[in-house]
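This report walks through one protein model, part by part. Keep the structure open while reading.

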Amino acid sequence: MEKFYNPDRAEWPRILNRPQQDFKEIREIVDTVFREVKEGGDQAVLKYTDKFDGVQLQQMRIYAGETTGAGDQLSEALKDAIRQAKRNIEKFHRAQQTEPIHVETQPGVNCWQEKRAIQKVGLYVPGGTAPLFSTVLMLGIPARIAGCSEIVLCTPPRKDGTIHPAILYTAQLCGIEAIYKVGGIQAIAAMTWGTESIPGVYKIFGPGNQFVTLAKQKATQYGVAIDMPAGPSELLVLADETANPDFIAADLLSQAEHGPDSQVILVTTSRDLQDAVENSLYTQLNSLPRQAIAQKAVGNSRSIYVADEKQAMDLVNEYAPEHLIISAKAEDYYLKHLINAGSVFVGPYTPESAGDYASGTNHTLPTHGFTRQYSGVNLDSFLKSITFQRISETGIQEIGNTIETMAAAEGLWAHKNAVSIRLKALEEAIVPQKEDTKE
């Protein structure tokens with residue numbers, strides 16, 4: 001973990017640089033898989049499942065009989081944990097529901113906005129180095145609350161051709177029935193084009209490795225929306241001398257173990273804490289089962305001392321982290337001036353792991369600095385806002401001249417006429433008839 005002491009601002013972009021990846025070869029693979037899945041459907045998906053995952057499948061769909069027994073393979077403790085997490089995530093996302101907005105902008109001109117669910121959504125759940133059943137909760141729960149009518153879940157099979165029972169159990173708990181044993185590029189391509197077995201969708205959600213990330217970006221070229229740009233996981237911890245160095249080291253390692261291309265950063269106003277965290281980090285690292293993965297991620301990581309709170313906050317906003325932990329006595333200052341972050345964890349007893357699993361917030365977040373312009377997944381991610389308006393006779397008479405004037409100024413005469421023809425009809429309808437003067 002590279003250490004820096006009060007670096008000059010001109011050096012910040014270099015210090016905060018994410019691990020660089022060469023996507024040229026990956027893009028070529030993505031292009032090939034997308035083309036073949038479009039042309040070959042299920043057969044192409046099966047071909048690449050064999051090639052990339054080393055699994056030869058006879059069928060990709062998981063049927064009800066395979067999910068009903070999944071819970072029997074899990075401990076009661078794990079099932080209780082999943083159910084508790086579900087309750088919290090459900091509670092937080094239900095609270096995001098909003099009522100339609102109705103406004104009369106002027107007499108006779110009524111405008112309103114209502115939300116509608118995206119009909120067909122695809123959920124991608126990684127299952128490579130770790131079966132992320134927590135992602136089923138994070139995506140399946142808001143999709144259900146939103147009212148999406150078709151929910152497709154794709155997750156890579158294990159070497160024996162099965163899906164981890166925790167993923168199946170959680171999917172069943174969330175009411176997801178369309179589950180497919182497909183991962184990687186071929187899963188994203190299948191949900192983009194639709195195949196004989198796998199339905200095409202309108203929007204794809206979920207994290208994944210660099211292949212999945214580029215595949216999702218490829219899907220947007222063919223009219224399929226995605227939740228956000230997302231890549232390797234990242235965490236920035238902002239701490240001072242009041243923080244517990246063992247807590248901070250544990251938090252940094254919790255993200256480092258995601259993958260070798262993950263990145264963790266410590267920003268601190270205390271040199272003593274910086275040294276203590278480093279010592280604790282390497283002590284804890286040696287006892288981790290995923291030590292080799294975390295060790296590589298730590299090699300991408302930074303420990304940065306800065307002189308004051310303003311510099312610390314400026315550094316955070318420039319990096320724009322996916323996850324941000326604040327463990328400092330000046331937390332009010334930091335929260336007030338924070339601009340760019342995906343999800344924030346405040347105080348010494350708020351580990352990032354809580355958001356990953358069970359506190360209620362969503363763990364599907366933008367990375368690589370995209371928190372400057374993107375939000376994490378939330379209920380609105382599964383909804384569209386539709387505006388409506390109704391204009392009365394009085395309303396069109398009140399606003400009509402304004403529309404005519406603006407349309408004429410833009411040279412759009414048919415636009416103007418669509419109003420003029422109505423105003424003329426109203427004018428003729430209210431012209432009083434001549435009285436009959438005959439006696």
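S280 lies in helix 11. The model is predicted, and in it S280 has a relative accessibility of 8%. Because the cut-off for a buried residue is under 20%, S280 counts as buried.

Apart from neighbours within four places in sequence, S280 is in contact with P245, D246 and A249. With D246 there is also a polar contact: the two side chains are joined at 2.7 Å. A95 is 185 residues away from S280 along the chain, and the C-alpha atoms of these two residues are separated by 39 Å.

## Helix 11 and helix 12

Helix 11 covers residues 271–285, and helix 12 covers residues 291–299. Two packed helices are described by the angle between their axes and the distance between the axes. Here the axes come within 10 Å and cross at roughly 155°. Angles over 145 degrees count as roughly antiparallel, and helix 11 and helix 12 are therefore roughly antiparallel to each other.

Which residues meet where helix 11 faces helix 12? From helix 11 they are L281, Y282 and L285. From helix 12 they are Q291, A294, Q295 and V298.

## Strand 11 and T268

Strand 11 spans residues 263–268. Six of its six residues are buried, so the strand is mostly covered by the cut-off of under 20% relative accessible area. In a regular strand the side chains alternate between the two faces of the sheet. In strand 11, Q263, I265 and V267 point one way, while V264, L266 and T268 point the other way. Strand 10 (residues 234–239) pairs with strand 11 in the parallel sense, over six bridges.

T268 is a residue of strand 11, and its relative accessible area is 0%. In the pairing, A239 stands opposite T268. The side chain of T268 also reaches the backbone oxygen of A239, at 2.9 Å. Leaving out residues up to four places away in sequence, T268 touches A239, D240, L273, Q274, I304, Y305 and V306.

## Helix 13

Helix 13 runs over residues 309–319. Its buried residues are Q311, A312, M313, L315, V316, N317 and Y319. These buried residues pack against several elements, including strand 10, strand 11, strand 12 (302–305) and helix 14 (331–337).

What caps the N-terminal end of helix 13? The cap is D308, with a side-chain oxygen that lies 3.2 Å from the backbone nitrogen of K310. Just after the helix, A320 takes a positive phi of about 55°.

An open sheet has three strands in the order 3-4-15, with antiparallel pairing. Strand 3 (101–106) and strand 15 (383–391) stand at the edges. Each has a single partner strand, so one side of each is left without a neighbour in the sheet. On average, and with direction ignored, neighbouring strands of this sheet are turned by 25° against each other.

Strand 3 and strand 4 (residues 109–117) run antiparallel and are joined by five bridges. In this pairing, Q106 stands opposite V109 in strand 4. Helix 16 (residues 393–409) packs on the sheet and touches strand 3, strand 4 and strand 15. The direction of helix 16 makes about 95° with that of strand 15.

## Two nonpolar cores

The largest nonpolar core has 39 residues. V121, L123, V136, C148, I176 and F382 touch the most other members. Elements that give two or more residues to this core include helix 5 (76–94), strand 5 (120–124) and helix 6 (133–146). Helix 6 gives the most, with nine residues.

C148 touches A117, I118, Q119, V121, A143 and F382, not counting residues up to four places away in sequence. A second, separate core has 32 residues, among them L46, V152, V201 and V212.

## G355 in helix 15

Is G355 buried or exposed? G355 is placed in helix 15 (residues 352–357), and at 4% relative accessibility it counts as buried. With residues up to four places away in sequence left out, G355 touches M138, F345, T361 and H363. G355 and E150 are 205 residues apart along the chain, and their C-alpha atoms are separated by 27 Å.

Conventions. Residues numbered from 1 in each chain as written. Predicted model: local features only at pLDDT ≥ 70, side-chain atom pairs only at ≥ 80, totals over all residues. Heavy atoms only, no water. Core = buried A, V, L, I, M, F, W, Y, C linked by side-chain atoms within 4.5 Å. Buried < 20%, exposed > 50% of the residue type's maximum accessible area, 1.4 Å probe, protein only. Helix = DSSP H or I, 4+ residues; strand = E, 2+ residues; numbered from the N terminus. Contact = heavy atoms within 4.5 Å. Polar contact = N/O pair within 3.5 Å; in protein donor to acceptor, adjacent residues only side chain to side chain. Pairing = 2+ DSSP bridges. Axes fitted to C-alpha atoms, helices over the stretch in contact; angles between N-to-C directions. Parallel < 35°, antiparallel > 145°, perpendicular 65-115°, else oblique.
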